[in-house]
Amino acid sequence: MNFDLTEEHRLIRETVRRFAEQEITPVAAEHDRASRFPDELVHRMATLGLLGGPIPKEYGGSGLDFVSHAILTEEVGKADSSLRTTISVQVSLVELSILHWGTEEQKKRYLPKLCTGHLLGCFGLTEPNAGSDPASMETTATRYEKQWVLNGSKIWISNATVADVALVFAQTDKTKGHNGIAAFLIDKGTSGFSTRPITGKLGLRSSDTGELLFENCIVSDSSLLASAGQGFKVAMSALDNGRYSVAAGSVGIIQGCLDACKQYVTTRQQFGKPIGRFQLIQDMIARMAVDLDAARLLVYRAGHLKNLGLVTTIETSMAKYFASEAAVRAASDAVQIFGAYGYSEESIVARYYRDAKVATIYEGTSQIQKLLIGSHVLGMKAFV
Ligand SMILES: Cc1cc2nc3c(=O)[nH]c(=O)nc-3n(C[C@H](O)[C@H](O)[C@H](O)COP(=O)(O)OP(=O)(O)OC[C@H]3O[C@@H](n4cnc5c(N)ncnc54)[C@H](O)[C@@H]3O)c2cc1C
């Protein structure tokens, strides 16, 4: 067993860290305050190859392994969770799904443009009445004269209003349950397809979030990703990749909290000494440090297994569950350690606190991850 990163991994970390420190961190708070989606930074990330990490070079990607993808995602996540969300959606949910399930024509049509940021993607699974239970979705795709007619809506969709192509899931035959679900790639501008922004989020404020609306939206078979009954499998495989990326981003938040706290506790003095000397402060720092290592190791283990081409549903769920909950703990303790200064909008730890929470909700809540893990351990399904 080797816990060392390779030379290439270290180089990727240094390069992305430098980029994040120079270009993302200085403007992240401003974008957060303005709830502004930073197109220019998204395109800068594309120039660096961050939007095509694990996609093979023949399709315009960077051809990186999954551990490298986690490393770059962690570094961006440390600087700005909103931008990290764009990577998670673009690369892990949309590109990897097209790579895995798409026809050669779909791969050639979409992947090079997605990897270079010429197209942005979004992933439309959640609906107003179907969140943790996506198989109960109400959006329908009805067969009509060799075409598909979509009706319904998706809600809480990241990149919704800025995306050029939406990976959307719809029910083709309710009697078949999840075996009736189909996945479609629907281009912006398709008649009957519109979007609406959602504003006023607790955190992740510079991430674009919105609704996808389908009103007699007609698409042909060429828009189908995989066959009509395979949509649920497409969604679950996408979430395996997406959760991995959310876990890596959460590691970035824990690292950011620890870095900020290490600096603060050595300079802030109370009772005539740096607060870092107090044992109750060290208790919080120690827990953060252990959580950081444990979360990162769970992510790297899942990445290593992904590199071997194995299915990592459980390992990825464990990493996502642990890392996201640990990020919430770390951010809460970081605000505590900063005291009133941590409660200010100006403070980096306040943004970590607001941004960390969503990772325990999206791409499957912590409860859903625990049910997946529990079902696996016990060999008893929790979802029937
Ligand atoms: C900022 C943001 C961005 C998002 N981006 C996307 C996106 O890009 N694409 C997309 O498709 N979705 C996206 N989502 C939606 C997200 O994936 C859902 O919110 C999530 O799956 C949970 O669904 P829900 O909110 O409907 O909660 P519900 O499913 O209604 O759950 C409510 C509560 O009940 C619990 N619960 C549900 N079922 C069980 C059970 N069987 N046992 C125990 N507890 C249970 C949940 O854990 C939760 O605590 C986003 C959400 C947010 C907030």
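**Entry 1: the core.** I looked up the largest nonpolar core and found that it has 113 residues, with Phe 184, Val 299 and Ala 331 making the most contacts inside it. A nonpolar core here is a set of buried Ala, Val, Leu, Ile, Met, Phe, Trp, Tyr and Cys residues joined through C-beta atoms within 7 Å. I noted that a residue is buried if 20 or more other C-beta atoms lie within 10 Å of its own, exposed if 12 or fewer, and partly exposed in between, with C-beta atoms placed from the backbone. The largest share of this core, 16 residues, comes from helix H6, residues 231-267; helices (H or I, at least four residues) are DSSP runs numbered from the N terminus.

I recorded that this is a predicted model, in which local features need pLDDT of at least 70 and side-chain atom pairs count only at pLDDT 80 or more, while totals for chains, interfaces and linings use all residues. Residues are numbered from 1 along each chain as its sequence is written.

**Entry 2: Ala 331.** Leaving aside neighbours within four places in sequence, I listed the contacts of Ala 331 as Ile 253, Cys 257, Val 349, Tyr 352, Tyr 353 and Ala 356, where contact means that the C-beta atoms, placed from the backbone, lie within 7 Å.

**Entry 3: the domains.** I found the protein chain divided into domain 1 (7-120), domain 2 (122-232) and domain 3 (239-378), with bounds that come from an automatic or database domain assignment. The C-alpha centres of domain 1 and domain 3 lie 21 Å apart, and their contact takes 19 residues from domain 1 and 21 residues from domain 3. On the side of domain 1 that touches domain 3, helix H1 (7-34), H3 and H4 each give two or more residues, and H3 provides the largest share, 9 residues. By class, I noted 8 nonpolar, 5 polar and 6 charged residues on that side of domain 1; Ala, Val, Leu, Ile, Met, Phe, Trp, Tyr, Cys and Pro count as nonpolar, Asp, Glu, Lys and Arg as charged, and the others, Gly among them, as polar.

**Entry 4: H3 against H4.** I then looked at helix H3 (residues 66-79) and helix H4 (residues 81-101), which pack at an angle of about 150 degrees with their axes 6 Å apart. H3 is therefore roughly antiparallel to H4, a term for angles over 145 degrees. Thr 73, Val 76 and Gly 77 of H3 meet Ser 81, Leu 83, Arg 84 and Ile 87 of H4 in this contact.

Conventions. Axes are lines fitted to C-alpha atoms, for helices over the stretch in contact, and angles run from 0 to 180 degrees between N-to-C directions. Angles under 35 degrees count as roughly parallel, over 145 as roughly antiparallel, 65 to 115 as roughly perpendicular and the rest as oblique. Two residues are in contact if their C-beta atoms, placed from the backbone, lie within 7 Å.
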